[in-house]
Amino acid sequence: MDREEVLESIKANVSNENLVKHMLATEASMRALARHLGEDEEIWGLTGLLHDIDVELTGSDMSTHSKLGADLARELGASEEIAHAILCHNETHGIPLETKLDKALFCADPLTGLIIAATLVRPDKKMAGLEARSVRRRFKEKAFAAGANRQQIAKCSEIGLELDEFIELGVVAMKEIAEDLGL
Ligand SMILES: [Fe+2]
(Lines give C-alpha, C1' and ligand atoms only; values in the text may rest on other atoms or scores of the structure.)
Protein backbone atom coordinates (compact mmCIF):
# COMPACT_ATOMS: atom_id res chain seq x y z
CA MET A 1 0.00 0.00 0.00
CA ASP A 2 1.25 3.40 -0.94
CA ARG A 3 0.75 6.29 1.50
CA GLU A 4 0.24 8.84 -1.29
CA GLU A 5 -2.50 6.71 -2.83
CA VAL A 6 -4.12 6.31 0.57
CA LEU A 7 -4.05 10.08 1.10
CA GLU A 8 -5.61 10.65 -2.32
CA SER A 9 -8.39 8.24 -1.48
CA ILE A 10 -8.94 9.98 1.84
CA LYS A 11 -9.19 13.33 0.10
CA ALA A 12 -11.70 11.85 -2.35
CA ASN A 13 -13.89 10.44 0.43
CA VAL A 14 -13.52 13.01 3.21
CA SER A 15 -14.31 16.70 2.83
CA ASN A 16 -14.15 17.66 6.51
CA GLU A 17 -10.64 18.99 7.16
CA ASN A 18 -10.84 18.24 10.86
CA LEU A 19 -11.58 14.62 10.12
CA VAL A 20 -8.53 14.44 7.84
CA LYS A 21 -6.47 16.02 10.64
CA HIS A 22 -7.84 13.46 13.08
CA MET A 23 -6.65 10.66 10.81
CA LEU A 24 -3.21 12.29 10.40
CA ALA A 25 -2.95 12.62 14.18
CA THR A 26 -3.92 8.98 14.61
CA GLU A 27 -1.34 7.98 12.01
CA ALA A 28 1.41 9.90 13.83
CA SER A 29 0.43 8.37 17.17
CA MET A 30 0.29 4.86 15.74
CA ARG A 31 3.72 5.29 14.17
CA ALA A 32 5.13 6.40 17.51
CA LEU A 33 3.52 3.44 19.26
CA ALA A 34 4.94 1.03 16.68
CA ARG A 35 8.42 2.49 17.12
CA HIS A 36 8.12 2.24 20.87
CA LEU A 37 6.83 -1.32 20.84
CA GLY A 38 9.09 -2.60 18.07
CA GLU A 39 6.20 -3.16 15.67
CA ASP A 40 5.93 -2.35 11.95
CA GLU A 41 5.74 1.43 11.68
CA GLU A 42 4.34 1.47 8.13
CA ILE A 43 1.53 -0.96 8.89
CA TRP A 44 0.57 0.74 12.13
CA GLY A 45 0.76 4.21 10.56
CA LEU A 46 -1.41 3.28 7.60
CA THR A 47 -3.97 1.70 9.90
CA GLY A 48 -4.25 4.95 11.82
CA LEU A 49 -4.37 7.01 8.65
CA LEU A 50 -7.17 4.96 7.12
CA HIS A 51 -9.32 4.12 10.11
CA ASP A 52 -12.08 6.72 9.65
CA ILE A 53 -12.08 6.95 5.85
CA ASP A 54 -15.77 5.96 5.73
CA VAL A 55 -17.14 8.38 8.33
CA GLU A 56 -18.73 10.77 5.82
CA LEU A 57 -19.88 7.96 3.54
CA THR A 58 -21.67 6.17 6.36
CA GLY A 59 -23.05 9.37 7.90
CA SER A 60 -24.11 8.77 11.48
CA ASP A 61 -24.89 5.11 10.84
CA MET A 62 -22.72 3.26 13.34
CA SER A 63 -23.94 -0.09 12.03
CA THR A 64 -21.99 0.42 8.80
CA HIS A 65 -19.13 2.62 10.04
CA SER A 66 -15.83 0.75 9.93
CA LYS A 67 -17.32 -2.13 7.91
CA LEU A 68 -17.23 0.06 4.81
CA GLY A 69 -13.90 1.46 6.01
CA ALA A 70 -12.38 -2.00 6.18
CA ASP A 71 -13.65 -2.72 2.66
CA LEU A 72 -12.23 0.54 1.31
CA ALA A 73 -8.92 -0.26 2.98
CA ARG A 74 -8.87 -3.71 1.36
CA GLU A 75 -9.55 -2.09 -2.04
CA LEU A 76 -6.49 0.07 -1.45
CA GLY A 77 -4.46 -3.07 -0.83
CA ALA A 78 -4.59 -3.26 2.96
CA SER A 79 -3.89 -6.61 4.57
CA GLU A 80 -6.51 -8.46 6.63
CA GLU A 81 -4.54 -7.44 9.70
CA ILE A 82 -5.16 -3.77 8.92
CA ALA A 83 -8.77 -4.33 7.83
CA HIS A 84 -9.52 -6.15 11.09
CA ALA A 85 -8.11 -3.35 13.23
CA ILE A 86 -10.25 -0.84 11.34
CA LEU A 87 -13.32 -3.04 11.59
CA CYS A 88 -13.17 -3.59 15.34
CA HIS A 89 -12.32 0.00 16.32
CA ASN A 90 -16.09 0.59 16.16
CA GLU A 91 -17.37 -1.19 19.25
CA THR A 92 -20.92 -1.29 17.86
CA HIS A 93 -20.09 -4.46 15.94
CA GLY A 94 -19.03 -6.27 19.10
CA ILE A 95 -15.98 -7.71 17.38
CA PRO A 96 -13.30 -8.52 19.96
CA LEU A 97 -9.94 -6.77 19.80
CA GLU A 98 -7.48 -9.53 19.06
CA THR A 99 -4.11 -8.29 17.89
CA LYS A 100 -1.82 -5.64 19.31
CA LEU A 101 -2.65 -3.55 16.26
CA ASP A 102 -6.41 -3.81 17.02
CA LYS A 103 -5.79 -2.70 20.59
CA ALA A 104 -3.39 0.09 19.67
CA LEU A 105 -5.81 1.69 17.21
CA PHE A 106 -8.66 1.35 19.69
CA CYS A 107 -6.89 3.34 22.40
CA ALA A 108 -4.95 5.77 20.18
CA ASP A 109 -8.06 6.98 18.35
CA PRO A 110 -9.71 8.81 21.30
CA LEU A 111 -6.38 10.02 22.72
CA THR A 112 -5.87 12.26 19.66
CA GLY A 113 -9.17 13.98 20.43
CA LEU A 114 -8.20 14.61 24.03
CA ILE A 115 -4.82 16.04 22.99
CA ILE A 116 -6.39 18.34 20.39
CA ALA A 117 -8.98 19.54 22.91
CA ALA A 118 -6.24 20.18 25.49
CA THR A 119 -4.39 22.24 22.87
CA LEU A 120 -7.41 24.29 21.87
CA VAL A 121 -8.00 25.54 25.42
CA ARG A 122 -4.48 26.96 25.61
CA PRO A 123 -4.28 30.75 25.11
CA ASP A 124 -2.17 30.35 21.95
CA LYS A 125 -4.05 27.22 20.77
CA LYS A 126 -0.67 25.74 19.80
CA MET A 127 0.85 22.38 20.59
CA ALA A 128 4.40 23.66 21.06
CA GLY A 129 3.98 24.48 24.75
CA LEU A 130 1.60 21.63 25.55
CA GLU A 131 2.85 19.27 28.23
CA ALA A 132 1.79 15.67 28.63
CA ARG A 133 1.00 16.26 32.30
CA SER A 134 -1.63 18.86 31.42
CA VAL A 135 -3.26 16.31 29.09
CA ARG A 136 -3.11 13.88 32.02
CA ARG A 137 -4.93 16.45 34.18
CA ARG A 138 -7.58 16.89 31.51
CA PHE A 139 -7.95 13.13 31.34
CA LYS A 140 -9.19 13.18 34.94
CA GLU A 141 -11.75 15.94 34.26
CA LYS A 142 -14.70 13.88 33.10
CA ALA A 143 -16.61 16.81 31.60
CA PHE A 144 -13.64 17.98 29.53
CA ALA A 145 -13.82 16.70 25.93
CA ALA A 146 -16.28 14.09 27.13
CA GLY A 147 -16.35 12.53 23.65
CA ALA A 148 -12.78 11.32 24.17
CA ASN A 149 -13.67 8.04 25.85
CA ARG A 150 -11.43 7.67 28.92
CA GLN A 151 -12.03 3.94 29.34
CA GLN A 152 -11.04 3.42 25.74
CA ILE A 153 -7.86 5.49 26.19
CA ALA A 154 -7.02 3.54 29.36
CA LYS A 155 -6.97 0.34 27.30
CA CYS A 156 -3.36 1.27 26.53
CA SER A 157 -2.63 -1.07 29.44
CA GLU A 158 -3.51 -3.91 27.05
CA ILE A 159 -0.55 -3.04 24.84
CA GLY A 160 1.66 -2.84 27.90
CA LEU A 161 1.73 0.93 28.35
CA GLU A 162 1.14 3.03 31.44
CA LEU A 163 -1.29 5.86 30.84
CA ASP A 164 1.38 8.54 31.43
CA GLU A 165 3.72 6.92 28.95
CA PHE A 166 0.96 6.54 26.39
CA ILE A 167 -0.10 10.19 26.67
CA GLU A 168 3.52 11.32 26.42
CA LEU A 169 4.04 9.30 23.24
CA GLY A 170 0.89 10.76 21.72
CA VAL A 171 1.80 14.34 22.59
CA VAL A 172 5.33 14.03 21.21
CA ALA A 173 4.09 12.35 18.02
CA MET A 174 1.42 14.94 17.36
CA LYS A 175 3.81 17.84 18.02
CA GLU A 176 5.94 16.55 15.16
CA ILE A 177 3.08 17.15 12.74
CA ALA A 178 1.62 20.19 14.53
CA GLU A 179 1.81 22.26 11.37
CA ASP A 180 -0.24 19.73 9.37
CA LEU A 181 -2.75 19.74 12.21
CA GLY A 182 -2.94 23.55 12.14
CA LEU A 183 -1.87 23.55 15.79
FE1 LIG B 1 -11.18 7.97 14.76
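Predicted model: local features only at pLDDT ≥ 70, side-chain atom pairs only at ≥ 80, totals over all residues.
The site of the iron ion is irregular, with angles of 82 to 173 degrees among its 4 donor atoms. Residues are numbered from 1 along each chain as its sequence is written, and side-chain values use heavy atoms, with hydrogens and water left out.

The protein donors of the iron ion are His22 (NE2), His51 (NE2), Asp52 (OD) and Asp109 (OD), at 2.1 to 2.2 Å from it. A donor is an N, O or S atom within 2.8 Å of the metal (3.2 Å for Na, K and Ca); water is not among the atoms, so sites may look incomplete. Along the chain, the donors have the spacing H-x28-H-D-x56-D. His51 and Asp52 are both buried, a word that means under 20% relative accessible area, with a 1.4 Å probe and protein chains only.

The protein chain has 10 helices and 0 strands. These are DSSP runs, numbered from the N terminus: H or I over at least four residues for helices, E over at least two for strands. Of the 183 residues in the chain, 51% are buried.

The largest nonpolar core has 58 residues, and Leu33 and Phe166 have the most contacts inside it. Such a core is a set of buried Ala, Val, Leu, Ile, Met, Phe, Trp, Tyr and Cys residues joined through side-chain atoms within 4.5 Å. Among the elements that give two or more residues to this core are α2 (17–37), α7 (100–120) and α10 (163–176). Leaving aside neighbours within four places in sequence, Leu33 is in contact (heavy atoms within 4.5 Å) with residues including Trp44, Ala108 and Phe166.

In α6, the buried residues are Ile82, Ala83, Ala85, Ile86, Leu87 and Cys88. They pack against α3, α5 and α7.

The structure holds 0 disulfides, a disulfide being a pair of cysteine sulfur atoms within 2.5 Å.

Key: Tetrahedral: all angles 85-135°; square planar, octahedral: opposite > 155°, others 65-115°. Buried < 20%, exposed > 50% of the residue type's maximum accessible area, 1.4 Å probe, protein only.
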